[in-house]
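Biologist: I am new to this structure and would like to learn how to read its strands. Could you walk me through them?

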Amino acid sequence: MLLLGCIKEVSDYELVVSLPNGLSGFVPVTQISDAYSKMLSKQVAQGELLEDLNSLSDMYSPGTLVRCVVTSVEKSADGRRSIKLSIDPKKVNKGLNASALASGMLLSGFVSSVEDHGYLIDIGVSGTHAFLPRQKAQNYIKAVKRGPDLKIGQNLNCVIVEVKNEGRVVRLSVDRSEVAASLATERQNWTLSNLLPGLVVKARVQKVAPLGIKVSFLSSFTGIVDFMHMDPEKSMNYSPDQVMKACILSIHPTSKVVRLTLRQAFLQPGGSPNQLSNDRMGAVVEESTVKAFYKQFGAIFELDDGTLAFARLKHLSKTRKSLKPGAFKTGCKHKCRIIDYSLMDEMCIVSLKYQIIEAQFLQYQDIHTGDVVQGKVFALKSIGMQVKVTDGIKGLVPSMHLADVILKQPEKKYSIGDEVRCRVLECSPAGKKLILTLKKSLIQSKLPVLSSYEDAKPGLITHGFVVCAREFGCIVKFYNDVKGLVPKNELSSEPMSCPDKVFHEGQVVKVMVLKCEPQQERLSLSFRLSSKAAPEDKKECTPKKKQEVKYQIGEMVDVKVLKKKDNGLEVSVLEDEGNVIAWIPTVHLSDFVANCKLLWHCLQEGDVLPRVMCLSDKGEHIILSRKSAVISAVQEEQVVRSFSEIQPGMLLTGYVRNVMPFGVFVEFPFGVTGLAPKVSMSDKFVTDTKDHFVVGQTVIAKVMSIDEEKQRVLLNLKVSECSSGDSAAESFALLNQYFKEMKEIRNLLRRREDSSMAQGLCELVPGKELQLVVQDVKEDGSALFSGSCVTGLTVTATRYHLGDKNIVPGEKTKVLVLHVDALTSKVYVSLREELLKQRAKQVCVQFLDLCSS
C-alpha cells in the first residue's frame, strides 16, 4: 500500500512517520535508498565512520512529508500493531517505467551521487538516468540550511523538467516554487498502476455523505475524502460538481481505492502540516464539545482553544459494552486528555478514559529520575525484565535490579502481567530509554537522590548500589549513571583485606560523599558515615579570612595567583588588598581548550592576571573566568539572566558543563543551563559524544525549544545552525584572539630565566624557517631533526611533509615550522617545496605580524 506520511521523529536507526487516520509507521535506516544502504554496508565492513555518510538527523527533520510503501505489519508482544515502511524509490515508484515519464511529473527522488555540475538522483525507474543540475538545486539548498551540498540519501520532491531518449535521460528540478506549483494532469498519462501519493489534482465532487465525499479526478479516476480530511473551514459545505484541489493520500494495491485530502497544508507539494505546541501534549481539557459521532470509528471534538480532536471508539469509554452513543450527540461536553497528535490529520488524538485522564505519566518527558512508578511485567529476557508503565512507556529492569539480591531464576518470582512498583534509575526521553530498579532498599529510601555529579556535595549521605568490589575498594553507582569510588581505607573503621568477600555486585549501600570533581566526573565516597573529618581539599580551599565582599556576575577584577592546583588556580582579588580568595578553574583560563592547559602550565604563583570576570559568587566560593567569548557576551548584554528571558532561536555563548552519552549540558552566565541532544550536537554523525566536546569548552548554542513547566531548554550545537551570519568575521576574531593568547604564553615562557628550552620555544612560531640536521628516518617514513636552535626539543616531520625529498641522517636541510606544542616540547615541521616558496613565506610573515600586533 502506498501512503503519504509525515516524519514525526528521527533517531539514529529509524524514522517514525505519522500516517493518515492517526496511525504511525517506522522506516528502518536500511529502507532509505540503495546508495545510502551501500554506504552503510561499507562503513560496517570497514569498521570506521565514513566522512560522507550523513546520519538520518542530518538529512531529515520532523514535519517533512514523504511517500512510503508498507512492507509489513507485525504484532508486538503487547498486541499492538507495528507498521514497517520503506521510502526507497525503487519500491515507491515501482509502477513507473521509462516510457511513462513525462514533463511536469512530481516524483520522489534520492541523491545517489554528488557530481561537479549537479547530482545523480535515484528515482527508482529502471533504465532511467536522472540528473539534477546544480543551478536547479541552489534555492532549495539555501532554504533547508543543511550545508553547501545535497547529501547522499537525502529525500527530494523532484519535478521532471525534460525527458530525452524515450525516458532514458531526464532532467529534474527541486526549486521550491516549481515543486509547489506542480499539478498532476491528464497529459502526464497517470494510471492506477503508477499513481503516487502526494500528487495534487483537480477533483470534482460526485457525492456528499456523512462519512465523507466521493470525488473524480484525472478524468477517469474516483476517490474518497473521509470526514477527517475535509477542510475544517468549509466543514460539510460541499456540493456535487464543485471543483477544487485535492492531494492523494493513499492507494490500495488490490482494491485500487484512492483516498485524498482537502486540507490546505497538503495542497502545495513540498509543504508541511501544522504541528502541536509541546505544552499541549498531555494536557487535560475540562470541557470538549462533540462535533460529530461516527458509530464505527469514534468522535470528533472541539477543544477549549477551538482546535479539532479525534477520539477512537476504544477511547470513548472503559469498554465497548459500556459505550453509550447517546452521550455523544452534537453539542455534548466531555472531559478528555490529549494523548497524541496526528500530523497527517492535523488533529489531536484524545482519550476520555478515566484511567488515562488521571494517569501520572503519559510520555517519557513526564518521568524524572528517582520517580516511583507502577507498571506491568510484559516480558522476561536474559538482560532483565521489561515493564509497561503505560501503553506508550516501557522500561527495562536489568537483571541486577530484579531484587535486593541477584535472582538466578527470576521466572519463579515474576510472571507476565504482574503489577510491580519500581524506581527510575535513568530516563532519556530522546532515546525513549527508561531504566528501572525493583530493589526495595532503593524504592523505600528516604535519602536524597544523587543523579548528577554537581549534586554530590561533601557530607551528603545517600543510597547507592555496588557494581564492583576489588582489592582497591568498591565502585558504587547511583542514578543517571553517576558513580564513585570507596577507597579501601574508607570501607570500614577496621582494616579490611578482601573487600570482595564482604561486598557483592548489586548490594544496596549507604555512603557519604567525601569529595567530588564534577568536571572530571570523579567522586570519592566513604562507608564510614560517622566520620566528622572535613575533606582535605575543602580545608585547603577555605579562605583564612571570612569574605564579606559580594561581587556581581560580570564584574571585572584583577587577581594574583596564590596557589596552583590540579584543576585550577587559587587567586586573590587585588582590589580588596588580597583579602578575598577566588577560584579560576583551568577550563576557564581560555576559550581554547589547548591554551587552557598551556596557560596553567606557564602561570606561576605571584603572577597577576588583569580583567578576569566574576562568573558566580556563592558566599565564600567565588568562581572567575578568563573566557573572552563569555566576557564579551556578558558585556554586550547578549545573555539571559533567567529562564523567563529565553526564546527559541536565540544564539547564546556558554561552556560545556557535562558530556553525557545522550548529549551535552551547556551552562551560560547567570546559571541557566540547557541540553544539546546527541542528534543536535554536530553536523557530522555522532557515535561517541566525548569525541566531539570536552568539559569547559566554549560553545555558541542555538535555543531549539523551551519547556516552561519543567524549566528545560533544548539546544543545537551544529556549526551550520549557530553562526550569526558573518562566519568570516567570526573566524578572524577567533584567530586573532588565539594569536594574542599565544603571544601572552610566549611572554610567560620568556620570564623563565632558568629554562633555556623555554626560551627556545618562545622563538619558534609557525612560518619560521630553520636550518636543521636530519637525526633519524623512521620506518613509518617520518623523520627527526636536531640543531642548536632546537636543543632539548623533539622536532618531527611526517612522511607527507617530507615531500619528494630523499633525506639521510646527517644531511642539513631547510624546514618550515608548522606547529609548536609547548606542553610536550614538540615541534612539527615541513620540507615540502610549495610551503617553502616565496608566496608561502609572505603568508607566514603576515601571521607573524599578527602575532606581534
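This is a predicted model: local features need pLDDT of at least 70, side-chain atom pairs count only at pLDDT 80 or more; totals for chains, interfaces and linings use all residues.

Modeller: Gladly! Residues are numbered from 1 along each chain as its sequence is written, and side-chain values use heavy atoms, with hydrogens and water left out.

Biologist: What do "strand" and "pair" stand for here?

Modeller: Strands are DSSP runs of E with at least two residues, numbered from the N terminus. Two of them pair if DSSP finds at least two bridges between them. Here, E41 and strand E42 (residues 783–786) are antiparallel partners over 4 bridges.

Biologist: How many residues lie between E41 and E42 in their hairpin?

Modeller: There are 5 residues between them, and Gly781 in the turn has a positive phi of about 95°.

Biologist: Which way do E42 and strand E43 run, parallel or antiparallel?

Modeller: Antiparallel: 3 bridges join E42 to E43 (residues 794–797). Within this pairing, Leu784 is opposite Thr796 of E43.

Biologist: And where does side-chain direction come in?

Modeller: In a regular strand, side chains alternate between the two faces of the sheet.

Biologist: Which strand pairs with E41 over 5 bridges?

Modeller: That is E44 (residues 812–821), antiparallel to E41 (residues 769–777). Leu770 has Val815 in E44 as its bridge partner.

Biologist: What do the strands build together?

Modeller: A closed barrel of 5 strands, in the order E41-E42-E43-E45-E44, with mixed pairing.
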